[in-house]
Amino acid sequence: MLLNQFLLLGAVLFCIGVYGVLVRRNGVMVLMSIELILNAVNINLVAFGTHLQQATGQAFALFVIPIAAAEVAVGLAIVLMIYRNRRSIDVDSLDEMKG
Amino acid sequence: MRFELLQLAAQLQPPVEVDAAGVPVVESTGSFWNPLTYTVFLPLAGALLLLLVPKGNEALVKLGALITSLLTFGMGLYLLLEFDYSESGKQFFANIPWIEVINSRYIVGIDGISLPLLALTVFVVPLCIIYSWNHIPSPGNPKAFFVLLLVLETGMIGSFIALDLILFFVFFEVVLLPMYFLIGVWGGPDRKYASLKFFLYTLFGSALMIVAFLALYFLSDPVMVDGALIGSFDMTLLPDLAAAGVGTTAALWIFGGMFIGFGVKVPMFPFHTWLPDAHTQAPTVGSVILAAVLLKLGTYGFVRIAIPILPEAAKTWAPVIALLAVIGIIYGALCCLAQTDMKRLIAFSSVAHMGFTMLAISSLTDFGINAAIFGMVAHGLITGMLFFIAGSTKERYHTLEIARLGGMLKQAPRMGWILGLCTMASLGLPGLAGFWGEFPAILSVYQPAEGLNLAFFRTMMVIAAIGTVFAAGYLLWLYQRVAFGVPSEEFENDPEITDVQPLEWVAWLPMLVLIVVLGFLPGLLFNTTNPAVVESLAALGG
Amino acid sequence: MTFAASMLASVDHPPIDWHALAPELIVLGVLAIIILVDAFGGEDRKWAISSITSIGLLVAIVPVVTMAVDGAVRSMFDAAYVVDNYALLFKALFLVAGYIVVLLSTNYIAEGDYWEGEYYQLLLASILGMMIMASARDLIGIFVALETISIPAYMLAAWRKRESRSDEAGLKYYLMGVFASGVLLYGMSLLYGLTGSTRLVDIAAAVSGEAPALVIVAIVFTIVGFGFKVSAVPFHTWAPDVYEGAPTPVTAFVAVASKAAGFVALITVVLVAFPTQPEIFEPLIWALAAATMTVGNVIALRQTNMVRLLAYSGVAQAGYMLAPLAIAGHSATSAELATSAIATYLVIYMAMNLGAFGIVIAMARKTGSAELSSYGGMLNYAPALTVAMTIFVFSLAGIPFLAGWYGKLAVVLALVQPGTWFGYSMAIIVGVNSVIALGYYAKIARIMWIDPAPDGDTTRVRVPVSVASALVITAVLTVAIGVYPPLVDQFTGAESFLTLGF
């Protein structure tokens, strides 16, 4: 069973996702990076579940998938509102409030 | 109600019962509706009623405040009369559950140590209210002013009657808020800075104090409450519980925490810097209460809590206390000599006087502690009076700059004489109250408690004695500059400079009488305090 | 056993205790009702939605009380969903906080150009998530609850959608929140893989003893994930912007209820799943707590906007609440004390902080601003609000006879109990921070009491009845708990408050 390889893939995806969240300035790209993190989690869960011969992992992943979808839907809606108000989705330009 | 009061009167603390294993068994005694409860919550109830009075109706507000404080004073008189002066234990005792989870209880009671301070508190507040009758400092708003004053009174009385550490802590802190606002709203030009400094310093001290209390709670032996073992905050039990449970090192740290907590309030030498600012900026009544009562909360904490509960640690710390006290005496005196402002000078003289009190406490003998309590009361009366006079001077001359004042004896002779009496009392002239606070304090460290370094304490005594010379110096200097000579040109024909007003007489006379009476009859106070003091030092072996 | 067979074998019909689920079901029912009223009721019925919501929240407290009275621990779904005293206390807290937030929102939402129906629906959904969180004892349940809380909250934060500040608040909250839940989830996935279970009790059994490196990673990720939720430094940066940009009632909700939910999750996970790993979580939480209270307080000192100030004060308060967890692994007694200290603090925090935000909402109706200077001279034209705000800020500062002191006492008590330098040092840090904090709390009081009114505008403030009743409730709670703390600690100090993983 290739557990380690799957976990490695998960870890790599997670790191890419974290990197993306921290570095990308485009709102949509940040959302996609978050998607990567959540999918890294899904890979972990499914791989562990299969390795442990349990349904729990898969079930957990099935909970994560719709919630991730809901999250991204809300995120895109907010990004869209920002675009309407500012004609930009650059997250660095969100600096009206400071202190 | 009156009959119920009489029945409960002077209920003594029952002896502590012990179970088979030697663990004290805590049982509720007395009732919440205890004379002390009335005394402490009367001002608060009055304050709440005052809140309902419309703001415009100033006369009613003032009357309400005065009646409340007089009723409280009446309760104080009742306590004084019903108190059994031969008894060393706690009287008017009640012990009922409050915060059961941590076994913090509503334990109240008074003995000879707390009674004089309680009496001082209920005595001073009505005088302050009378004094403020026509003198509400700018920006006015007598309703808020009197409400805060009454809340303050509740906090002060509560601190003196509480026999549970948490209850004591709570009342100790209740005092802060009203005082903060009294200084901050009605104070002088620098009031924002002064009020915040007062607040921050005291709070810092109490933060350490509460950690010390809690450490004491966990380290001391438990007591039995409703069949379960639990820690205790009971000041009357803790001397025994702590002796058994708290190790030497822990005791030193805990005492250190309390030392800073109470030391800030006293204030002792390195923690004193809030005091001159607070006193200078506070409105007259605020200064009076600060000097007369609030500072005593610190010394009272040492006498009531720190020393009886941790006597061994107290012995280790005693030289530090003595040293800081003596530094305070000398430093305070030197600062007085450098002051140009009358109120600031009186404030620094407080640092010096409280130094004498702390020196007496550091002796850890019954003689010393008796002297300290006398010193507290005497300082409260005398310095309180001096602040009253300073306030009235400020009102007439619109300045307290010593260099600009002068000739008070010519322009306002009675006030000049009163100032003279108070400065004499303050410098410790025999026959006035100040003498009995200062002279025995110095004498007490000649023979400190067993185990303390004799040579060191006697050196301290000598330095403190030199401090009295300084005190005479700055007080006479103050009196000479303010009262003697001829009035300066700017005030020569000032119609505002009048002699003592009737309301001022009413407010001042009782204090002046007490200063003289206690000067001639110091036994009134010493006999009250002695039994309780001897008992509180039992753990020190005499 | 084949994989498919194992899946089938684990599917049976668990018994369901309807009494235990009643509070959640009532909230769910009310949610359905207001969706229907909103959809079919027409414009003139919109006003009813807020009333239905608030009544529904109060009704949902009834089963909570009945369960508290009989005191039994109800465990369902293989102990993945537990209704014990701990869960009940927090359910009651969330319902009361929700009720007060509805009171604060009613006029704000009705008078602004906002979507009334959806606002209350999202609010209820979020409260529902919180109630589930209080009972969830399983990673999946905790995750679902967390998202049920958060997703509506993101939308609520961006509610004033034509205002770019509100959008900004929404996006910041969203990005930080989702990123945090991603990190948390990754930690959870590792935890599941290493222990073979998502139930916290099983995890506790599996991680006892020497922990492999991955378990440490998993624990750290989990705590960091919740650290975002409770706005612990260095994961607090969203809080001030979100508080400032979001509609103020939503800010109050996020600052109090959502933070409490984060703490509930943190306590449950740390003390039920990891109590045997104190050497991992204690130093981490010690550092987080110390940094949180210190940074929060120091930055709060220089704020000029009331909402931002309250945001940083909230960060600092989170630090006080985190502190007891730093010693909770010492022994079962420490864990119990820490749990009840945090619970006590949260209840008190709810009352005083919602009250403070209530004042901000009331004052904004007159001044239209949350700048500190706009509170000048309040004593003269709004004495009742001034006294109330004074009560709230000094309660936050921890001055006795106002509830906050007892919260601080409970925290310090828990810290001192183990008698270790770890605890003592934290207790002293809490003490010193309380002093620093006084600097800005006293500043608020000073501005209200001493400073003159800006522009000399001393017209009276008109406080709507609903906001006024919210203020009365919170002020009375703040004073009553302060004078007689057993009002709270008879619940939080109860024995077997939370079944710990020791």
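Modeller: Let's start where chain B meets chain C: 27 residues of chain B are in contact with 27 residues of chain C. Contact here says that the C-beta atoms of two residues, placed from the backbone, lie within 7 Å. On the chain B side, the elements that supply two or more residues are helix 6 (165-174), helix 7 (176-186) and helix 8 (191-219). Helix 8 of chain B gives the largest share, 14 residues. By type, the chain B side splits into 23 nonpolar residues, one polar and three charged. Nonpolar covers Ala, Val, Leu, Ile, Met, Phe, Trp, Tyr, Cys and Pro; charged covers Asp, Glu, Lys and Arg; the others, Gly among them, count as polar. As for the element names, helices (H or I, at least four residues) and strands (E, at least two) are DSSP runs, numbered from the N terminus.

Keep in mind that this is a predicted model: local features need pLDDT of at least 70, side-chain atom pairs count only at pLDDT 80 or more, and totals for chains, interfaces and linings use all residues. Residues are numbered from 1 along each chain as its sequence is written, while chains are lettered from A and ligands numbered from 1 in the order in which they are written. The predictor's confidence in each residue is pLDDT, which runs from 0 to 100. Chain B averages 89, and 98% of its residues score at least 70. Residues 1-7 of chain B, though, stay under 50, and the model gives that stretch two contacts beyond four places in sequence. Where pLDDT is low, the predicted coordinates should not be read in detail.

Staying in chain B, look at its sheet. Four strands make an open sheet in the order 1-2-5-6, with mixed pairing. Strand 1 (17-18) and strand 6 (228-230) of chain B are at the edges with a single partner strand each, so one side of each has no neighbour in the sheet. Pairing takes at least two bridges found by DSSP between two strands. Strand 1 of chain B runs antiparallel to strand 2 (residues 24-26) of chain B, and two bridges join them. B:E17, for instance, has B:V25 in strand 2 of chain B as its bridge partner.

B:I289 counts as buried because it has 28 C-beta neighbours inside 10 Å. The cut-offs are 20 or more other C-beta atoms within 10 Å for buried, 12 or fewer for exposed, and anything in between for partly exposed, with C-beta atoms placed from the backbone. Beyond four places in sequence, B:I289 is in contact with B:V124, B:C128, B:L152 and B:L294. B:L149 is 140 residues from B:I289 in sequence, yet their C-alpha atoms are 9.3 Å apart.

A compact globule of 502 residues would have a radius of gyration near 23 Å, and chain C agrees at 22 Å. That radius is taken over C-alpha atoms, and the globule rule is 2.2 Å times the number of residues to the power 0.38. In chain C, 66% of the 502 residues are buried. The largest nonpolar core holds 464 residues, and C:M133 and C:A157 touch the most other members. Helix 14 (residues 332-367) of chain C gives this core its largest share, 22 residues. Such a core is a set of buried Ala, Val, Leu, Ile, Met, Phe, Trp, Tyr and Cys residues joined through C-beta atoms within 7 Å. Among the residues C:A157 touches beyond four places in sequence are C:Y173, C:V242 and C:V254.

Chain C meets chain A too: that contact takes 36 residues from chain A and 39 from chain C. On the chain A side, helix 1 (3-23), helix 2 (27-51) and helix 3 (56-86) each supply at least two residues. Helix 3 of chain A gives the most, with 16 residues. The chain A side divides into 24 nonpolar, nine polar and three charged residues. Chain A itself has three helices and zero strands. Its radius of gyration is 17 Å, well over the 13 Å that the globule rule gives for 99 residues, so chain A is more spread out than a compact globule.
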